[in-house]
Amino acid sequence: MMKFTALYNKYKDKWWALPLVLPFILYPITQYMSSYGYVDGFEIPFFYLNMALMTALTMIYGFKALPGIILCVFFRVAPDRGLEPALMSVLHYFTSTGISCAGYYYFTGKRGRASFGRYNLTWQRIFWLVFINATLFLNYFQTVLYLGMYGVHQKMMYITPFTTRTLINYQGMLVGNMIGLPMCYLVIRSFRTPSYMKKYVEKIRNQVAEDLRALELICLFSAMTLLTALMISPINHKPTLINSVYTLTLLLPVMIWGTLRLGHAAISLIWWVLLVVLCNNYQSYIPHTVDYKLHLAVATSCFAAFSITIILMAINISRQRALNIKTKRLMSIDPVVHLPNLLALDTDLNKNTVSVLCQLYVPDLELLGRHYGLLMQVQYKQQLAHFLKPVLESDELIYISSGHDLIVRMSPLNAEKRISELHNKAKDFRYTRDGVKLYPQIGCSYCIINYPVGHLYLLIGELRALAEISLTTNLPVDMRKQSSRQVQNQVKTKVDMMNQLQRALELDRFVLMAQPIESKNGHRYHEVLLRMLGNNDELIFPDTFLPLANEFGMSSSIDLWVLNNTMKYMDETRHSRPNQCFAINLTPASICRTDMAHLIENMLIKYGIAPEQLVLEVTETDELTNNLQADKTLDALQRLGCKIAIDDFGTGYASYARLKNMQADILKIDGSFIHNIISSEMDYKIVESICELARMKNMTLVAEFVETEAIQNALFRMEIDYVQGYFIGKPAPIETLPATV
């Protein structure tokens, strides 16, 4: 069987194969389905499918179809009419079909072979393959008859072409081409490629309205069947309106109803069947009366008008439906990463009774994106999704979530084992950028969910919280083994804190505190510390709300609030506390803003504050490392006259290597080295080395976390310039600072 299939596919398009055989097989069928009648003693076609068959063969096979068409027509005509009429019939088909197909392919090219129902080919097909084809065929026929070249059959002679029967003949050929072409094309393509029929059935399924129900379909086919039965029922009594050509007018709205609900592929088949039945039983609704020719002309004109109306409407409806499907599909695909989004996830979850959701969380992706750009984030997600596909089943998909998450929908069978395999596979992934392999840490959490799925977005938030736990355990976290209420409370706490932050910014519910920084000779300036008023006016410390402010992108707004209100206070108290100096912390988000230096300069001008009265403390983080904008901002602030302090030096990204390139005025040594400086020789040596390097760069030294007099004295002996801590003074509301006048 496989050998036969291979041979069939190899030779089927040869001129001596299907193009030669199909005309002999299909011509008798189209001849049988065509409808003929007598008008004024002349035989004329009401529904002519032979020409549609020849056109479809030429359309698909081109010149390869000519031998089969020529031989088929010759052997069908010659036995009855003789050699000369057979040759003229061959030339007849060849002329009309050849010219119309040549004109059609001249304007459409190879795309003209596409299946019927294409909107962009519709008018070309109607003009060339229907109108031009039928017109050439009829005119050629009339000319040859006039010249007497179809033999001695005088009954076929026309006295004049401008008669009712010529109109009926022309309309029959138009309808035959318009409806017969798609059907002949379908049959020939199915012979040539058997799987095409399966595709056609799939096309019907895709074009049918999504909300079509069985009851509506039954009603639709019942109406079509009833009207057709009324028209073709035998006339054994005096004809009535429902048993006449006028019933055709009732068929049109039913067909339009079917067109709107079924689409082009299905309605074309249905209308073709109805036409074959109606045309071959025309005697039932067009009796031989005085108005026989008029009724016949009306019937064929109705067939022609209905056909073009149904076909054009069906193509437009199917096109609109296809565009809607495409739009829905695009709505379910992330336009940047080109992975299914959460809308697609929600749809797929509702198609499965039980599913497992696995969330892969890559928090460092934002950090890498700042250095390498958005394209790196996109490529990382795409390549990671592709890398994980081998461990997934064919119906399991990877979805893109907001932020830096990927969500995997999996089968619940062996869930724990497969999740572990997925996580291990994800940890093995290496993304290469500029020859460097990057592998940020990936957290993993999962849960089993049942249909229907409610509150999907809340569930994804909970999974992310669990994925953060996975970053520390390096193992997948199962939501069932965690307290769901605890996770929900964590998410709720974050949301409540975000609302409090927004409310504090809008209603000035922040409190400025000041902690003194003192030198050996007693000179003081103060560091401004921030507290937030809670819902019950309790003080909330910055280590509670600042991380969330940074996560929600609000840290820069808070910095501007602190700057504005501090300078406003300095302006209001300039007479009682002249020349006072304050140190204000700036977050990395503020330093990386392009307009931060300009905003600070405007505040200084607005409140009349000298730049030397401000010390701007910056904590070294990875966000500032190799960040050109941060360097530009700090440089602009220094040129403005503000002092720049590096806070918490010795921890995180603030290292000796960074110190070499730092351009700052003040260096604050982190309290973790100061706390045990008396008892720990290691801490003492570290602080001593920091001091030595800072003096080489002419930087002022400040030591934090000074809690005893012994620590203070030890630091002053090391020639540290300023000290800060509870021994010097605890933070207090800025309004309580004593007057210096």
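Analyst: In this predicted model, α7 (164–192) and helix α8 (residues 195–207) pack at an angle of about 135°, their axes lying 7 Å apart (lines fitted to C-alpha atoms over the stretch in contact, with angles from 0 to 180 degrees between N-to-C directions). The helices are DSSP runs of H or I with at least four residues, numbered from the N terminus. On the α7 side, Met183, Tyr185, Leu186, Arg189 and Ser190 meet Tyr196, Met197 and Tyr200 of α8, where contact means heavy atoms within 4.5 Å. By class, this contact of α7 with α8 comprises 6 nonpolar, 1 polar and 1 charged residues (Ala, Val, Leu, Ile, Met, Phe, Trp, Tyr, Cys and Pro are nonpolar, Asp, Glu, Lys and Arg charged, and the others, Gly among them, polar).

As for caveats, local features require pLDDT of at least 70 and side-chain atom pairs 80 or more, while totals for chains, interfaces and linings use all residues. Residues are numbered from 1 along each chain as its sequence is written, and side-chain values use heavy atoms, with hydrogens and water left out.

α7 also belongs to the lining of the largest cavity, as one of the elements that give two or more residues, together with α6 (119–146) and α12 (292–331). A cavity here is a set of points on a 1 Å grid where a 1.4 Å probe fits but cannot get out, and its lining residues have an atom within 4 Å of a point. The volume of the largest cavity is about 150 Å³, and of its 15 lining residues, Phe116, Arg125, Ile126, Met178 and Ile311 are the closest to its centre. The largest share of that lining, 5 residues, comes from α6, and by class the lining has 9 nonpolar, 4 polar and 2 charged residues.

Over the whole structure, the search finds 6 cavities of 30 Å³ or more. The second largest cavity, of about 90 Å³, draws at least two lining residues from each of α3 (50–61), α4 (66–81) and α5 (83–108), and its lining divides into 8 nonpolar, 3 polar and no charged residues.

Finally, the whole structure holds 17 salt bridges (a side-chain nitrogen of Lys or Arg within 4 Å of a carboxyl oxygen of Asp or Glu). One of them joins the side chains of Glu216 and Arg261 at 2.8 Å, N to O. Glu216 lies in helix α9 (residues 214–232) and Arg261 in helix α10 (residues 248–262), so the pair ties together parts that are 45 residues apart in sequence.

How values were computed. On a 1 Å grid over the protein atoms alone, a cavity is a set of points where a 1.4 Å probe fits but cannot get out, and a pocket is an open set with protein on both sides within 12 Å along at least five of seven lines; lining residues have an atom within 4 Å of a point. Grid points are joined across faces, edges and corners, and a volume is the space filled by probe spheres set on the points.
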